[in-house]
Structure formats: C-alpha cells, structure tokens
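Open the model in your viewer and keep the selection tool at hand. Each stop tells you what to select and what is there.

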Amino acid sequence: MGTGQRPVKEEKDAKISWEHIFQAIPEPAFILDTEHNIITANKAAVTALGARSKDVLTGTKCYTHVHGTFSPPPDCPLEALKNAGCKGTTSAEMRAFGGLYSISCTAVAGERGVEGIVHIATDITKAKAAEEGLRAEEEIPVYIVGITDEDFFERAVAEDKLRRI
C-alpha cells in the first residue's frame, strides 16, 4: 500500500466508525442543517417515524415528520440554537413521536462554520408520568392533615347519601 492511500483509508474507516456509532444511538437522532433539512437519520428515528429508510427522510424538513407542521414549532430547540449564534446546546420538552420528548440540538462546528446540527429526541413520557404521580402523592397528606376521625366519618356519610340520591 502506498503512503498516499493511508489517509484515504483512515478517513474512510473514521466515517464508517462514526456512522456505526450514530446508528447505535437508541433514541431518534438526526443530523440537520441550519434550515431544518434532514441530512441523515439513525435507525431509531426511521423506526419512530415509520419511514421505509433514512433516504425517504433525507432532504426533507424535520418538523414535517416530527411535529406534523409546515414550520418549526414555537419552542423549537434548533430555532433557539440559531438565535444563540449556534453555540452550545439547546433543549425543549415537546410532544413528538406519540409521546413527550426532550429534544436537544447541538451545533457541530467545522472549518467553514456550522457543518450540522445533532438533534436527539429522548423519550421522557414515563418519567414525566411518574413525576406527576409523585407530585399527586405529595399533595394527599396536605389534604388529610387536620381532618379528625369524626370529620372524616361525617364527610363519608354525607358523600354516601349524595351517591344514593
């Protein structure tokens, strides 16, 4: 192998390795441009959107698939990232893919500025439901404090009478 082929092979190996890692992300993930166009999508995103392949998604607007809209939603993290000069990471909780997701967008800087946006959607539906359940449980003792057994009995009798009417 000549010396001129080594950088080409290393670059090809790095690209294959990057693609393998990207596809292994268990959450729906996209690489977008700054105009919301999908450059590529991982397997989880293709599955979540019910698409036949990532090629069907490539070149289309992310919000048409993820949010079912013709423009970015008001709390779009990509729009927030653009407003912040494409620096850092932005995130927002949004309804997507039939659940509640934490959507994060991170700019990938290159020699020519922003080369892409990494958009990852993490399902937080169950975590939020559990959080709401805990919050509801925390409120119960506040309601019960101060009620005597006699008050409780009288209220139960009154409610029972109302149900029989």
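E19 is partly exposed, with 24% relative accessible area (buried is under 20%, exposed over 50%, partly exposed in between; 1.4 Å probe, protein chains only). This is a predicted model: local features need pLDDT of at least 70, side-chain atom pairs count only at pLDDT 80 or more, and totals for chains, interfaces and linings use all residues. Residues are numbered from 1 along each chain as its sequence is written, and side-chain values use heavy atoms, with hydrogens and water left out.

E19 sits in helix α1 and K54 in helix α3 (residues 54–57), 35 residues apart. Helices are DSSP runs of H or I, at least four residues; strands are runs of E, at least two; both are numbered from the N terminus. K54 is partly exposed too, at 29%.

**Stop two: a salt-bridge network**

Select E35, E79 and K82. Salt bridges that share partners join them into one network. The closest N and O atoms of K82 and E79 are 3.4 Å apart. Both residues lie in helix α5, three residues apart, so about one helical turn separates them. For E35 and K82, the closest N and O atoms are 3.9 Å apart. E35 lies in the loop between β1 (29–32) and β2, and K82 in helix α5 (residues 77–83), so this pair ties together parts 47 residues apart in sequence.

**Stop three: an aromatic pair**

Go to W18 and F22 in helix α1 (residues 5–24). Their rings form a stacked pair, 5.2 Å centre to centre, with 10° between the planes. Rings of Phe, Tyr and Trp (its six-membered ring) pair if their centres lie within 6.5 Å; planes under 30 degrees apart are stacked, over 60 edge-to-face, the rest tilted. Which of the two is buried? F22, at 4% relative accessibility. W18 is partly exposed, at 42%.

Select C62 and C76. C62 is in no disulfide; the nearest cysteine sulfur, that of C76, is 6.2 Å away. C76 is in no disulfide either, and its nearest cysteine sulfur, that of C105, is 6.1 Å away. A disulfide needs two cysteine sulfur atoms within 2.5 Å. C62 is buried at 7%, and C76 is buried at 8%.

Terms used. A salt bridge is a side-chain nitrogen of Lys or Arg within 4 Å of a carboxyl oxygen of Asp or Glu.
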